Amino acid sequence: MALVPYVENPLPALSKLHSASAQFRFADHELRLSQDWKKLGVAAVVWDAAVVMCMYLELGEVELKGKAVIELGAGTGLVGIVAALLGAAVTITDRQPALEFLSANVKANLPPDTRGSASVSELSWGQGLDLYPAGGFDLVLGADIVYLEDTFAPLLRTLEHLCSDATAVLLACKIRYARDTDFLGMLRQRFAVEEAHYDQQRDIHIYKAWKLPPREDL
Ligand SMILES: C[S@@+](CC[C@H](N)C(=O)[O-])C[C@H]1O[C@@H](n2cnc3c(N)ncnc32)[C@H](O)[C@@H]1O
């Protein structure tokens, strides 16, 4: 009988999620993000949407230098780290259970002179929003955060709270199920939405959105 070594996940696209780390080069820095799928699941692996978002940020089409940025559902923190390296002051957020792992990745990947530009804090969508300044950010970032139907309404409330009419929202999305587009429909009720970028290889869309003025008929 042939000896077949145990392979946790033989599909390359999924096995990368089971690696203990993922490496990238963005903003002239070598980045190494720790991953721990078994312990923390989706929050502790780098998703393609985050990689495509970082590639998009590097293109320079969105001004980051000196801007106040908040990242939602940051997971390992790759996007927030790259935004900080590109000159933004970034609040990197996720749910409480993800924060210790997230903080360690942020600390490990930002040089000491940039660490002051990034802070990690809890933001569970729709909850405790008063802790964050209403309309207080220039840019809101989210990579692969549109995937749980139950969170669509609180996620939209969170965006409405964080955005002024001058705030840009960038969402990097993998559309896996028809319901994912429901969120885009909800977003279009309150925000002007356009597709800013599409990565064909990874099938990731980047949507850019701005808050619409309040409707007088509501
Ligand atoms: C698919 S992962 C994406 C992680 C990271 N942005 C990336 O692309 O690599 C989804 C992230 O959303 C976070 N998340 C899910 N539901 C949330 C909620 N209700 N409030 C805040 N974050 C949430 C998860 O903890 C997780 O980090």
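Author: Of the 218 residues of the chain, 46% count as buried. The model is a predicted one.

Reader: What makes the chain agree with a compact globule?

Author: The chain has a radius of gyration of 17 Å, and a compact globule with 218 residues would have one near 17 Å, so the two agree. The C-alpha atoms fill a box of roughly 75 × 45 × 30 Å along the principal axes. The secondary structure comes to eight helices and nine strands. Of the contacts with a separation of 6 or more, 66% are between residues 24 or more positions apart.

Reader: How do you know that helix H4 is largely enclosed by the rest of the structure?

Author: A residue is called buried when its relative accessible area is under 20%. Eight of the eight residues of H4 (residues 78-85) are buried, and therefore the helix is largely enclosed by the rest of the structure. Among them are Leu 78, Gly 80, Ile 81 and Leu 85. H4 is followed by Gly 87, which has a positive phi near 110 degrees.

Reader: Which residues does UniProt give as "transmembrane region", and what is the secondary structure there?

Author: The unreviewed UniProt entry places that feature at residues 40-57 and 69-92. In the model, residues 40-57 are 61% helix and 0% strand, with the end C-alpha atoms 27 Å apart. Residues 69-92 are 33% helix and 33% strand, and their end C-alpha atoms lie 8 Å apart.

Reader: Why is Asp 199 called buried?

Author: The relative accessible area of Asp 199 is 9%, and the term buried applies under 20%. Asp 199 is therefore buried. Asp 199 lies in strand E8 (residues 191-199). Leaving out residues up to four places away in sequence, Asp 199 touches Val 52, Met 55 and Ile 204.

Reader: Why is Ser 103 called partly exposed?

Author: Ser 103 has 32% relative accessibility, so Ser 103 counts as partly exposed. Ser 103 belongs to helix H5 (residues 99-109). Ser 103 and Ser 119 are 16 residues apart in sequence, while their C-alpha atoms are 8.4 Å apart in space.

Reader: What makes Pro 111 partly exposed?

Author: At 24% relative accessibility, Pro 111 falls between the 20% and 50% limits. Pro 111 therefore counts as partly exposed. Pro 111 is in the loop between H5 and helix H6 (112-115). Apart from neighbours within four places in sequence, Pro 111 is in contact with His 29 and Leu 85. From Pro 111 to Arg 188 the distance is 39 Å, C-alpha to C-alpha, and the two are 77 residues apart in sequence.

Reader: Are Asp 28 and Asp 144 buried or exposed?

Author: Exposed means over 50%, and Asp 28 has 65% relative accessibility, so Asp 28 counts as exposed. Asp 28 is in the loop between strand E1 (21-26) and strand E2 (29-34). Asp 144 has 11% relative accessibility and therefore counts as buried. Asp 144 is in the loop between strand E6 (139-143) and helix H7 (152-162).

Key. Residues numbered from 1 in each chain as written. Predicted model: local features only at pLDDT ≥ 70, side-chain atom pairs only at ≥ 80, totals over all residues. Heavy atoms only, no water. UniProt positions renumbered as here; feature names shortened; annotations may be inferred. Helix = DSSP H or I, 4+ residues; strand = E, 2+ residues; numbered from the N terminus. Rg over C-alpha atoms; globule rule 2.2 N^0.38 Å. Buried < 20%, exposed > 50% of the residue type's maximum accessible area, 1.4 Å probe, protein only. Contact = heavy atoms within 4.5 Å.
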